[in-house]
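Here is my note on the model you sent. Please read it with the structure open beside you.

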Amino acid sequence: MSADQDWGAYLEEFHRDAPGVTERMLGRARDDAGGDPYQWAAVAVPNDGMVIDLACGSAPLADHLAHDRYLGIDLSRAELDLAVARVGSDRVVRADVTQLPITDDATDTVTCLMALMLVQPLEGVQREIRRVLRPGGMLVALLSGGAPASVADALRWGAVLAALRMPGLRWPNPEAIGPAEQWLDEAFTILSDEVRTFAYPIDDAASARQLIASLYLPDVPADRVETATRVAGSLIGRAIGIPLRRVVARTWP
Ligand SMILES: C[S@@+](CC[C@H](N)C(=O)[O-])C[C@H]1O[C@@H](n2cnc3c(N)ncnc32)[C@H](O)[C@@H]1O
């Protein structure tokens, strides 16, 4: 896909065809303490108040919160079907997160997990986060964590990327992977910005396939995806580290 082609259409089709794919992959990944990425995000969420989960997908975060505090928002009907099964239809809204059907200062916390790299325009979702958060409200974002932390993971990802013939994974908003000061405006104080690696176990051919199926690969020919799946399959019995980043920020009271 060239730079001016439509990531929005690609993402819609991707999540229509494979709803819950992000959760199926990340939900099996574990940090050194045995926690998954959604638990890591959830511990940064304050213990009370309303939580709006932008680009919620299948709503995996809701497993860690009381459902009466939770509202998930996503554009994908297929993802939202899974979210509704989990939290109920009154806790889910279908909307574009750059145009939220929500009043100003409506929530104590906004979460946005694995989506700020995707949602376009990034300024649109930033503006909406600021608008719907009450003064002193909290943002918890989970993002791709950049380069692998260990040599073993660098070699494993290097082999997968070589099979895909890509220098690295691509995102519509690469700036969201950069320093938080560059994409969070002055309305926010950054409280923490941490990277943690989650080991995804490749137990069998199905988990190898699931790993590759969870990657956004616009314009990558099917034969390269198949080769990358075989490369991942050669790692059966091992794990591949997924570096993730958690940014926690607060608006000025
Ligand atoms: C990588 S998934 C993350 C899902 C979930 N937060 C998780 O971590 O499992 C990205 C989600 O962003 C949603 N999305 C992308 N662009 C969107 C937009 N403009 N408005 C609402 N949702 C959007 C997709 O439908 C998809 O469910």
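1. Know what you are looking at. This is a predicted model: local features need pLDDT of at least 70, side-chain atom pairs count only at pLDDT 80 or more, and totals for chains, interfaces and linings use all residues. Residues are numbered from 1 along each chain as its sequence is written.

2. Helices (H or I, at least four residues) and strands (E, at least two) are DSSP runs, numbered from the N terminus.

3. Next, the whole chain. It has nine helices and seven strands. Its C-alpha trace spans about 50 × 35 × 35 Å along the principal axes. A compact globule of 253 residues would have a radius of gyration near 18 Å, and the chain has 18 Å, which agrees. That radius is taken over C-alpha atoms, and the globule rule is 2.2 Å times the number of residues to the power 0.38.

4. How much of the chain is buried? Buried residues make up 38% of the 253 residues. A residue is buried if 20 or more other C-beta atoms lie within 10 Å of its own, exposed if 12 or fewer, and partly exposed in between; C-beta atoms are placed from the backbone.

5. Look at strand 1 (residues 51-54). Both of its faces are covered: Val51 and Asp53 on one side, and Ile52 and Leu54 on the other, are all buried. Strand 1 pairs with strand 2 (residues 70-74) in the parallel sense over four bridges. Two strands pair if DSSP finds at least two bridges between them. Ile73 in strand 2 is the bridge partner of Leu54. Strand 1 also runs parallel to strand 4 (residues 107-113), joined by four bridges. There, Ile52 stands opposite Val110.

6. Beyond its neighbours within four places in sequence, Leu54 is in contact with Ile73, Val97, Val110, Thr111, Cys112, Ala115 and Val125. Contact means C-beta atoms, placed from the backbone, within 7 Å. Leu54 is also among the residues with the most contacts inside the largest nonpolar core, along with Ala115, Leu139 and Tyr200. That core has 68 residues. A nonpolar core is a set of buried Ala, Val, Leu, Ile, Met, Phe, Trp, Tyr and Cys residues joined through C-beta atoms within 7 Å.

7. Check two backbone angles. Ala55 and Ala59 lie in the loop between strand 1 and strand 2. Phi is near 55° in Ala55 and near 70° in Ala59. Both values are positive, in residues other than glycine. Ala55 counts as buried because it has 24 C-beta neighbours inside 10 Å. Ala59 counts as buried because it has 29.

8. Gln120 and Pro121 are joined by a cis bond, with omega about -10°. Pro121 lies in the loop between strand 4 and helix 5 (122-132).

Key. Contact = placed C-beta atoms within 7 Å.
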